[in-house]
Amino acid sequence: MRTGKELLFASKEFTHENRLRSWFEVMVTLGLSALVWSGTIVEALPLAVRIVLSIVCGLCYVRMFVIYHDYQHRAILANSPIAELIMVFVGILLLAPKTIWIRSHEHHHNNNSKLTINGIGSYPTITKERFLSLTKGERRLYLVNRHPLTVIFGYFTLFIYWLNLKSFFQSPSKHIDSLAALVFHFGAGFSIWYFLGATTFALSWFIPFLLAFGIGSYLFYCQHNFPGAKFKENPDWTYVNAA
């Protein structure tokens with residue numbers, strides 16, 4: 001097996017960015033998201049059309065999140081003030097503000113495929129023997145964290161609670177952007193409901209985010225929980241083997 005340096009050298013050819021293509025993908029995604037979102041609030045359109053647009057809007061948010069993820073990994077549009085401004089807004093919109101996203105996600109990458117109960121940036125995974133050694137409360141929390149409903153309703157469990165409420169209350173000074181994301185999200189959502197009605201709120205706000213965050217939560221789960229996935233205890237874990 002190649003060593004760490006050999007792996008880095010072999011992967012160099014895949015790290016070159018086509019800057020124009022990156023901007024193209026960002027603009028197409030933002031433009032399409034804005035277009036389909038606008039369609040969800042047009043009451044003159046048939047309800048069936050608005051429902052389809054609502055679902056497509058949620059899928060556009062997933063694509064937007066993928067681009068945001070790659071940007072925060074410095075894989076695209078690095079050192080661009082304009083891109084930074086756009087991605088700050090995207091992070092707020094998608095309830096994944098920069099400070100908590102970087103802290104939790106980079107911790108996840110630095111501890112990828114490690115048997116752990118904390119699950120920072122992902123879902124906790126431990127052996128049966130370790131599970132049986134936990135207290136009843138710890139077992140219950142572990143099972144709740146990995147429960148299918150926790151994943152499906154990631155809108156509430158992962159994005160509203162874990163990435164924003166929990167991070168802000170634990171470290172207000174470090175995660176003020178989590179508060180900003182919550183204020184914007186609930187303020188904008190309430191405004192749509194108040195001025196445009198419950199149906200438009202459901203189609204333009206609630207359903208797209210419920211779908212996008214459910215898919216996003218499942219992506220976090222399934223990328224490490226699949227037949228053949230390998231996990232290691234701390235003494236046997238290495239960054240290269242995990243990667």
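Colleague: Which residues of α5 are buried?

Modeller: In this predicted model, the buried residues of α5 are Ile100, Trp101, Ser104, His105 and His108.

Colleague: What makes them line one face of the helix?

Modeller: Look down the axis of α5. The buried residues fall within an arc of 100°, so they line one face. An α-helix has 3.6 residues a turn, so residues three or four places apart point the same way.

Colleague: What covers the buried residues of α5?

Modeller: The cover includes α3 (47-72), α9 (154-170), α10 and α11 (198-222).

Colleague: Why is the contact between glutamate 84 and lysine 98 called a salt bridge?

Modeller: The cut-off is 4 Å, nitrogen to carboxyl oxygen. Glutamate 84 and lysine 98 meet at 2.9 Å, N to O, so the pair counts as a salt bridge. Glutamate 84 lies in helix α4 (residues 81-93) and lysine 98 in helix α5, so the pair ties together parts that are 14 residues apart in sequence.

Colleague: Is glutamate 25 buried or exposed, and why?

Modeller: Its relative accessible area is 18%. Buried means under 20%, so glutamate 25 is buried.

Colleague: What is the partner of glutamate 25 in a salt bridge at 2.2 Å?

Modeller: That is arginine 63. The pair links distant parts of the chain: glutamate 25 is in helix α2 (residues 19-40) and arginine 63 in helix α3, 38 residues apart. Arginine 63 has a relative accessible area of 37%. That lies between 20% and 50%, so arginine 63 is partly exposed. Arg21, Glu25 and Arg63 are linked in a network of salt bridges.

Colleague: How many salt bridges does the count give?

Modeller: The count comes to 5 salt bridges.

Colleague: And how many disulfides?

Modeller: The count is 0 disulfides. For cysteine 57, the nearest cysteine sulfur is that of cysteine 60, 6.4 Å away. A disulfide needs the sulfur atoms within 2.5 Å, so cysteine 57 is in no disulfide.

How values were computed
Residues are numbered from 1 along each chain as its sequence is written. This is a predicted model: local features need pLDDT of at least 70, side-chain atom pairs count only at pLDDT 80 or more; totals for chains, interfaces and linings use all residues. Side-chain values use heavy atoms; hydrogens and water are left out. Buried means under 20% relative accessible area, exposed over 50%, partly exposed in between (1.4 Å probe, protein chains only). Helices (H or I, at least four residues) and strands (E, at least two) are DSSP runs, numbered from the N terminus. The arc is that of the directions from the helix axis to the C-beta atoms. Contact means heavy atoms within 4.5 Å. A salt bridge is a side-chain nitrogen of Lys or Arg within 4 Å of a carboxyl oxygen of Asp or Glu.
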